[in-house]
Amino acid sequence: MGAHHQRHGGAAAAFRWSVLLNALLTGAQLAIGFGFGSLALIGDAIHNLGDVVGLLLAWGAERLSLRPARGRFTYGY
Ligand SMILES: [Zn+2]
């Protein structure tokens, strides 16, 4: 269990920071993009929003993979 947790130890912090920074970037790009009427910034903000969604999905999958094997899922997830 110790080794297992060590292997995934940095992942949660990495996901947390990645989601936080990408969400902040998305918000700033949207605010500035709309403020200055920049379609390029708004378009990149939407791209980064997609990145945030992808990171959240990966974070959820990472958490599922930490569930122990039991019952029907003899290998875990
Ligand atoms: Zn991207």
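**View 1. The zinc ion and its two protein donors, His-47 and Asp-51**. Two protein atoms hold the donor positions here: NE2 of His-47 and an OD atom of Asp-51, lying 2.0 Å from the zinc ion. Donors are N, O and S atoms within 2.8 Å of the metal (3.2 Å for Na, K and Ca), and since water is not among the atoms, sites may look incomplete. This is a predicted model, where local features need pLDDT of at least 70, side-chain atom pairs count only at pLDDT 80 or more, and totals for chains, interfaces and linings use all residues. Residues are numbered from 1 along each chain as its sequence is written, and side-chain values use heavy atoms, with hydrogens and water left out. His-47 and Asp-51 are separated by about one helical turn, because they sit four residues apart in helix α2. Helices are DSSP runs (H or I, at least four residues), numbered from the N terminus. His-47 is partly exposed at 47% relative accessible area, and Asp-51 is partly exposed too, at 32%. As for the wording, buried means under 20% relative accessible area, exposed over 50%, and partly exposed in between (1.4 Å probe, protein chains only).

View 2. With 10% relative accessibility, Gln-29 counts as buried. A polar atom of its side chain lies 3.4 Å from the backbone nitrogen of Ala-45.

**View 3. Thr-26, a buried residue of helix α1**. Setting aside neighbours within four places in sequence, Thr-26 is in contact with Ala-45, Asn-48, Leu-49 and Val-52.

**View 4. Ile-42 in helix α2**. This helix covers residues 39-65. Ile-42 is buried, with 13% relative accessible area. Look for Leu-30, Gly-33 and Phe-34, which Ile-42 touches when residues up to four places away in sequence are not counted. Gln-29 shows up again: its C-alpha atom is 6.3 Å from that of Ile-42, and the two residues are 13 apart along the chain.

**View 5. A nonpolar surface patch that includes Leu-24**. Trp-17, Leu-20, Leu-21 and Leu-24 make up this patch of about 440 Å². Leu-24 belongs to helix α1, residues 2-36, and counts as exposed at 53% relative accessibility.

Terms used
Helix = DSSP H or I, 4+ residues; strand = E, 2+ residues; numbered from the N terminus. Contact = heavy atoms within 4.5 Å. Patch = residues over 30% accessible without salt bridge, like charges linked within 9 Å, V, L, I, M, F, W, Y side chains within 5 Å. Areas by Shrake-Rupley, 256 points an atom, 1.4 Å probe, with all protein chains shown as cover. Salt bridge = Lys/Arg side-chain N within 4 Å of Asp/Glu carboxyl O. Polar contact = N/O pair within 3.5 Å; in protein donor to acceptor, adjacent residues only side chain to side chain.
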